[in-house]
Amino acid sequence: MNIFIYFPVILFLALILITAVKVLREYERGVVFQLGRFWSVKGPGLILLIPVVQQMVRVDLRTIVMDVPSQDVISRDNVSVKVNAVVYFRVVDPQKAIINVEHFYEATSQLAQTTLRSVLGKHDLDEMLVERDKLNTDIRTILDAQTDAWGIKVANVEIKHIDLNETMIRAIARQAEAERVRRAKVIHAEGELQAAAKLVEAAKLLGADPRAIQLRYLQTLTEIAGEKSSTIVFPLPIDLIRAKWGGDKAWLPE
């Protein structure tokens, strides 16, 4: 009979013990409130709480991978694109994460979406496609500065996809093709310029001595004779005859 009398007391004490004893993992911390006021940050390991008087909120300190939904962004050159990203962050101050903001995950998510639209809207489409690393750094810096008051450290931000409509993709393809044509024309013009400069230099060297022209002429005849052709055009330069018969005093007309 005595056991049944003390059974409610034993049950009450067991419930109090279960309520008072908490176990926190290595990556968890407990923000303890006593009568509604902040008391301390506990953990990891075994934690003892005063029932009813103290309450605890668990906080995970591991890095959180948050996917930023696709955002409609209008670039500085008025091109509409859809951009999504991923943010890596973690809680470094459990007290601030619980007290200073309500639902720090949702708050960080909304801030990341707003910052993504704001930063990308200040750049042209070409900058979004080429300078992605710089944009990632800019977004991470802004997020890290604004979430510092929440006890959150933003480790990294990566832009995953920049989706363009079919019309813009075709326009970019035409632009790339035109750029390649332009480069080809510029390279060809530079080659012609260099060749003209070399020809002028060669002409000056050949004009310094008439015998040089004669040797060059004979070399050309040798190259023509080596070709398998039934017709051979035999040019005879006037300057060569003048050099042979007395220059400008020769009987040949000017």
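Predicted model: local features only at pLDDT ≥ 70, side-chain atom pairs only at ≥ 80, totals over all residues.
Residues are numbered from 1 along each chain as its sequence is written, and side-chain values use heavy atoms, with hydrogens and water left out.

Okay, the overview. The protein chain has eight helices and eight strands. Both are DSSP runs numbered from the N terminus, helices being H or I with at least four residues and strands E with at least two. Of the chain's 254 residues, 25% count as buried (under 20% relative accessible area; exposed is over 50%, partly exposed in between, using a 1.4 Å probe on protein chains only). If you take the contacts (heavy atoms within 4.5 Å) with a separation of 6 or more, 60% of them join residues 24 or more positions apart.

Back to our opening pair. Glu28 belongs to strand β2, residues 28-34, which runs antiparallel to β5 and is joined to it by seven bridges. For two strands to pair here, DSSP has to find at least two bridges between them. The open sheet they belong to has three strands, in the order β3-β2-β5, and its pairing is antiparallel. Which strands stand at the edges of this sheet? They are β3 (37-42) and β5 (54-60); each has a single partner strand, so one side of each has no neighbour in the sheet. From one strand to the next, the twist averages 25° (angles run from 0 to 180 degrees between N-to-C directions, with axes fitted to C-alpha atoms, for helices over the stretch in contact).

Now for the other sheet I want to show you. It is open and antiparallel, with three strands in the order β6-β7-β8. Its edge strands are β6 and β8 (152-163), and each of them pairs on one side only. Here the twist averages 25° from one strand to the next.

Follow β6 and β7 for a moment. Strand β6, residues 64-74, pairs with β7 in the antiparallel sense over nine bridges. Ile64 stands opposite Phe89 of β7, and Ile74 has Ser80 in β7 as its bridge partner. Helices come in here too: α3 packs on the sheet and touches β6, β7 and β8, its direction making about 35° with that of β6. Then there is α5, which also packs on the sheet, touching β7 and β8, with its direction at about 140° to that of β8. As for the turn, the β6 and β7 hairpin has five residues between the strands, and Asn78 takes a positive phi near 65° there.

What lines the largest cavity? The residues are Val68, Ala85, Val87, Ala112, Leu116, Ile139, Leu143 and Val157. Elements giving two or more residues to that lining are β7 (80-91), α3 (104-120) and α5 (132-146). A quick word on terms: on a 1 Å grid over the protein atoms alone, a 1.4 Å probe fits at cavity points but cannot get out; a pocket is an open set with protein on both sides within 12 Å along at least five of seven lines; and lining residues have an atom within 4 Å of a point.

The largest pocket is lined by Asp126, Leu129, Val130, Ile172, Gln175, Ala176, Glu179, Arg180 and Arg183. Two or more residues of this lining come from each of α4 (125-130) and α6 (166-207), and α6 gives the most, with six residues.

Last stop, Leu125. You'll find Leu125 in helix α4. Is Leu125 buried or exposed? Its relative accessible area is 4%, so Leu125 counts as buried. Which residues is Leu125 in contact with, once we leave aside neighbours within four places in sequence? They are Ser75, Asp77, Val79, Val81, Leu164, Met168 and Ile172. Ile172 is also one of the residues lining the largest pocket.
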